[in-house]
Amino acid sequence: MTTTLALAPVGGPTLPQERRILTEIPGPKSRELFSRKQHAVPGGVNIALPVFAAAAGGGVVVDVDGNSLIDLGSGIAVTSVGNAAPEVVEAVTAQVAQFTHTCFTITGYEGYVAVAEKLNRLTPGDHEKRTALFNSGAEAVENAVKIARSHTRRQAVVVFDHAYHGRTNLTMAMTAKSMPYKSGFGPFASEIHRASLSYPYRDGRSGPEAAAIAISEIEKQVGAENLAAIVIEPIQGEGGFIVPAPGFLPALAEWARENGVVFIADEIQTGFSRTGALFACEHEGVVPDLITTAKGIAGGLPLSAVTGRAEIMDAAHAGGLGGTYGGNPVACAAALASLELFEHGGLTERAREIGVVLRGALNALRVEDQRIGDVRGRGAMMAIELVDPGTGEPDAALTKSVAEYAGAAGVILLTCGTYGNVIRFLPPLTISDDLLREGVRVVREALAAAPR
Ligand SMILES: *Cc1c(COP(=O)(O)O)cnc(C)c1O
């Protein structure tokens, strides 16, 4: 057996906050682990940048070769409170020594109830709410749809262009992009209908104009009387960090309310301070009926939630919702520690500051490089869309080469977008301004090195 990890440093915010390159990336130990992975794990489970982690914290990931990489991905918007955050480590350590599992639907425990109470209080709107806990984002979305159908006694669900809601059968149907999420994996769940999204950079429409188009599609192609729920990400995540034009979300929410349709905000990626508000819906004063959360909720432990109006949440019969692991006590302990940091630890303010630093640096870059067609996002959820400056056509090849250059230079950089031409910046909220700026400098180098 390899004992690669024996000398691993302890993670958390005390790790030296620096980009440090000791070997080529991936280094020899990562390459060795990757070759073991290739023989033990199916190719469908891919690794974007095949380095293997030894420790992480603050704004860096240290790999098994001792390289320290700037983390601009947070494991896809998960470690918002920082990796191995001391408050989370302490809460988890205490809980794991008490009990690790009972199954909440067999024997209850306080942590689950406390997380539900906190989410009921922190999510938008001061109406009476309930929260049910699950393990993954996709599972939360599945359950939100179950609850909406149970409440409305209707079946149809509307989702949007560029949507991403997960990889289970129902959520694959709800996700827009075929490759790599759906291709070859059908047949998909029925009664899922797709409407047009507001995409200001590409459609140039105002929010109300774009909403009128979507609403007309819904009325003509589905019919309000058949529609259980509208499910929408307030800012599209995997689909390209698309911020809808102002007024789009409020118009849809209003239409849903008038028609008895459950308005579900999928805040799995946008939630928990990421966008400079606790939830992205707050930027436009939208109060969803149900809200799904996961990713940033528990400092890296698997947990997800559906929170919403009591009368909707209570529609499902006893025993109709649940699961073996949903709301695991260790994950709940991590969530309580994380939620405390989101509420009182200054992280929402920090997300706004990160947004100012990133927007400034990326706009400066755009002035000197016309291949950056758009700079968009909110808070610590920012992106650039790379295009052919002549035609505006998406440039996926350039995007891929920038991400690869950055990885080799010690910066973890994620891509996204229906057309594969968006680079997203979603660092841990514990990253320093210096590391952020250095990360953007590497992107600048990467753009300069790419053939025009
Ligand atoms: C990641 C994501 C999901 C799926 O979450 P998993 O935990 O990967 O199942 C659903 N919706 C949105 C908006 C996401 O970003």
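Student: At what angle do helix α12 and helix α14 pack, and how far apart are their axes?
Tutor: In this predicted model, α12 (residues 347-368) and α14 (residues 433-449) pack at about 25°, and their axes are 10 Å apart.

Student: What does that make them, roughly parallel or roughly antiparallel?
Tutor: Angles under 35 degrees count as roughly parallel, so α12 and α14 are roughly parallel to each other.

Student: And is the crossing left-handed or right-handed?
Tutor: The crossing of α12 past α14 is right-handed.

Student: Which residues meet there?
Tutor: From α12 there are R350, I354, V357, L358, A361, L362, L365 and E368. On the α14 side they meet D433, L436, R437, V440, V443, R444 and L447.

Student: How many of those are nonpolar, polar or charged?
Tutor: The contact of α12 with α14 has 10 nonpolar residues and 5 charged ones, with no polar residues.

Student: Switching to domains. What are the bounds?
Tutor: The domain assignment gives domain 1 as 28-84 + 347-449 and domain 2 as 87-344.

Student: How many residues does each put into the contact?
Tutor: Domain 1 supplies 40 residues and domain 2 supplies 33.

Student: What separates their centres?
Tutor: Taken over C-alpha atoms, the centres of domain 1 and domain 2 are 25 Å apart.

Student: How much area do they bury between them?
Tutor: About 2900 Å², with 59% of that on carbon and sulfur atoms.

Student: Which residues of domain 1 lose the most area to domain 2?
Tutor: V81, R378 and M381 do, and together they account for 26% of what the domain 1 side buries.

How values were computed:
Residues numbered from 1 in each chain as written. Predicted model: local features only at pLDDT ≥ 70, side-chain atom pairs only at ≥ 80, totals over all residues. Heavy atoms only, no water. Axes fitted to C-alpha atoms, helices over the stretch in contact; angles between N-to-C directions. Helix = DSSP H or I, 4+ residues; strand = E, 2+ residues; numbered from the N terminus. Parallel < 35°, antiparallel > 145°, perpendicular 65-115°, else oblique. Left-handed = near helix turned anticlockwise from the far one by under 90°. Contact = heavy atoms within 4.5 Å. Nonpolar A, V, L, I, M, F, W, Y, C, P; charged D, E, K, R; others polar. Domains from an automatic or database assignment. Buried area = accessible area lost by both parts, 1.4 Å probe.
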